[in-house]
Amino acid sequence: MFSAIPFAGTMMQYSDGISRQPEARWASDVTPMFDGYGLVSALPSVADSWLVDWDDPFYQDYRWIAMLNPIELTRSPHDHSSTTTVTELSDVQVVEHHGRPAWQVIARTTDEYDARCECCPLLSGYFDYAADHWVPGPPVTARLDAQTGICVYIGPATETSTKDCDLDLTILAVDAQLVDSLFVRGRR
């Protein structure tokens with residue numbers, strides 16, 4: 001299904017008491033700030049981008065979204081103005097991942113870690129609801145594809161298992177023309 005406007009069919013109750021369609025914008029209509037490498041360094045402020053959904057397409061769980069936009073490797077994905085560092089990163093190096101250059105680090109969450117979703121974090125650990133904070137897990141090896149910035153690998157930093165935190169993604173092509181049949185829902 002295609003929609004010409006974001007949030008089609010959604011009505012909002014405004015302070016003037018009248019319900020109407022929100023004046024939303026597509027994320028592609030708002031320009032983020034880029035760093036010297038061409039990667040997004042900051043999203044426009046909430047005031048400048050009201051009603052823009054910055055998340056990537058959802059697939060199975062929020063780890064897919066976290067993988068495509070791995071902001072939680074360094075700071076909160078929920079508070080775009082936060083400058084609090086939520087991980088400890090070490091042993092930075094350039095490596096090859098499935099034939100593509102990648103940046104690799106050893107990453108360990110701190111108790112300030114703010115996963116996009118506590119049930120499916122990108123890094124190891126868990127949210128302790130009773131204590132209301134993140135409990136760090138063992139350090140993991142994390143890799144970002146150098147061209148796209150997508151997280152392509154999360155695995156053990158040592159022989160210690162990371163349980164269900166593992167990820168290994170192969171990027172087949174970037175900016176390649178793809179056939180439409182790849183995006184059609186299959187028959188059941």
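The largest nonpolar core in this predicted model has 21 residues, and Tyr113, Leu122, Leu123, Cys151 and Ile154 touch the most other members. Helix H1 (62-68) and strands S6, S9 and S10 (151-156) each supply at least two residues of this core.

**Around the core**
- Cys151 is one of the core residues that touch the most other members.
- Beyond its neighbours within four places in sequence, Cys151 is in contact with Met67, Pro70, Leu122, Arg143, Leu144, Leu167 and Leu169.
- Among these contacts of Cys151 is Leu122, which is itself listed with the core residues that touch the most other members.

**The salt bridge**
- Side chains of opposite charge can pair when their charged atoms come close.
- A search of the whole structure finds one salt bridge.
- Asp145 has a relative accessible area of 2%; the cut-off for buried is under 20%, so Asp145 counts as buried.
- Apart from its neighbours within four places in sequence, Asp145 is in contact with Arg100, Pro101, Ala102, Trp103, Ile150, Val152 and Ile171.

**Aromatic rings**
- Two aromatic pairs turn up in a search of the whole structure.
- In one of them, the rings of Phe127 and Tyr129 have their centres 4.9 Å apart and their planes at 70°. Planes over 60 degrees apart count as edge-to-face, so this pair of Phe127 and Tyr129 is edge-to-face.
- Tyr129 is exposed, because its relative accessible area is 61% and the cut-off for exposed is over 50%.
- Another ring, that of Tyr153, has the charged end of Arg143 sitting over it, 4.4 Å from the ring centre.
- Arg143 is also one of the residues in contact with Cys151.

**Confidence of the prediction**
- The protein has an average pLDDT of 79, and 71% of its residues score at least 70.
- Strand S1 (residues 12-13) has the lowest confidence, with a mean of 68.

Key. Residues are numbered from 1 along each chain as its sequence is written. This is a predicted model: local features need pLDDT of at least 70, side-chain atom pairs count only at pLDDT 80 or more; totals for chains, interfaces and linings use all residues. Side-chain values use heavy atoms; hydrogens and water are left out. Rings of Phe, Tyr and Trp (its six-membered ring) pair if their centres lie within 6.5 Å; planes under 30 degrees apart count as stacked, over 60 as edge-to-face and the rest as tilted. Buried means under 20% relative accessible area, exposed over 50%, partly exposed in between (1.4 Å probe, protein chains only). A charge sits over a ring if NZ of Lys or CZ of Arg is within 6 Å of the ring centre and within 35 degrees of the ring normal. A salt bridge is a side-chain nitrogen of Lys or Arg within 4 Å of a carboxyl oxygen of Asp or Glu. pLDDT is the predictor's confidence in each residue, from 0 to 100. Helices (H or I, at least four residues) and strands (E, at least two) are DSSP runs, numbered from the N terminus. A nonpolar core is a set of buried Ala, Val, Leu, Ile, Met, Phe, Trp, Tyr and Cys residues joined through side-chain atoms within 4.5 Å. Contact means heavy atoms within 4.5 Å.
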